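Here is a short briefing for a first look at this structure. Keep the view open as you read.

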Amino acid sequence: TNWYFIFWNQFIISEIIQEKKFVSVAEILERYKKGERDFSNIVCKGANLLGVDLSGCNFSHSDLSFTDFSRSTFIDCDFTEANLEWTDFTFSNLTN
């Protein structure tokens with residue numbers, strides 16, 4: 001029975017660590033305007049962020065799938081282990 005307890009605790013801890021917060025486009029833009037740059041572990045799927053400047057942001061471990069980032073600026077951004085499936089970066093600046 002001890003192995004089950006250890007496995008269950010590791011599962012719960014893993015789920016807590018990977019918990020993501022749903023964030024709207026308006027919230028991202030508002031928080032960015034206020035100087036916040038840490039948007040790690042968020043979910044913002046299917047959003048329209050066309051032509052925005054979100055330079056210096058941390059989007060690591062976030063789910064940004066199906067989002068339109070075309071013509072946007074992401075200088076020095078971190079997308080480590082982010083879900084970018086079907087995300088559009090056409091004509092975007094992704095300079096590091």
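The points below go from the whole chain to single residues.

This is a predicted model, in which local features need pLDDT of at least 70, side-chain atom pairs count only at pLDDT 80 or more, and totals for chains, interfaces and linings use all residues. Residues are numbered from 1 along each chain as its sequence is written, and side-chain values use heavy atoms, with hydrogens and water left out.

**Overall layout**

- The chain has 2 helices and 2 strands. Helices (H or I, at least four residues) and strands (E, at least two) are DSSP runs, numbered from the N terminus.
- Read from the N terminus, the order is α-β-α-β.
- The chain has 96 residues, and 31% of them count as buried. Buried means under 20% relative accessible area, exposed means over 50%, and partly exposed lies in between (1.4 Å probe, protein chains only).
- The accessible surface comes to about 6400 Å², and carbon and sulfur atoms hold 56% of that. These areas come from the Shrake-Rupley method with a 1.4 Å probe; for residues, only the protein chains shown count as cover.
- Contact means heavy atoms within 4.5 Å. Among contacts in the chain with a separation of 6 or more, 3% join residues 24 or more positions apart.

**Helix α2**

- Helix α2 spans residues 25–33, and its residues Ile28, Arg31 and Tyr32 are buried. They sit on the same side of α2, because they cover an arc of only 100° around the axis. The arc is that of the directions from the helix axis to the C-beta atoms.
- The face turned away from that buried side carries the exposed residues Ala26 and Lys33.
- What do the buried residues of α2 pack against? They pack against β1 (21–22) and β2.

**Nonpolar core**

- The largest nonpolar core has 18 residues. Such a core is a set of buried Ala, Val, Leu, Ile, Met, Phe, Trp, Tyr and Cys residues joined through side-chain atoms within 4.5 Å.
- Ile42, Leu54 and Phe59 have the most contacts inside this core.
- Leaving aside neighbours within four places in sequence, Phe59 is in contact with residues including Phe39, Ile42, Leu54, Leu64 and Phe74.
- In soluble globular proteins, nonpolar side chains tend to be buried together.

**Ser72**

- Ser72 lies in the segment after β2 (42–43).
- Ser72 is buried, with a relative accessible area of 1%.
- The side chain of Ser72 reaches the backbone nitrogen of Gly51 at 3.0 Å. This is a polar contact: a pair of N or O atoms within 3.5 Å; within protein, one must be able to donate a hydrogen and the other to accept it, and residues adjacent in sequence count only if both atoms are side-chain atoms.
- Beyond four places in sequence, the contacts of Ser72 include Leu49, Val52, Phe91 and Asn93.

**Cysteines**

- The whole structure has 0 disulfides. A disulfide is a pair of cysteine sulfur atoms within 2.5 Å.
- Cys77 is buried at 10% relative accessible area, and Cys44 is buried at 5%.

**Positive phi**

- Most residues other than glycine have a negative phi.
- Phe66 has a positive phi near 60°. Phe66 is partly exposed, at 48%.
- Glu81 has a positive phi of about 55°. Glu81 is exposed, at 65%.
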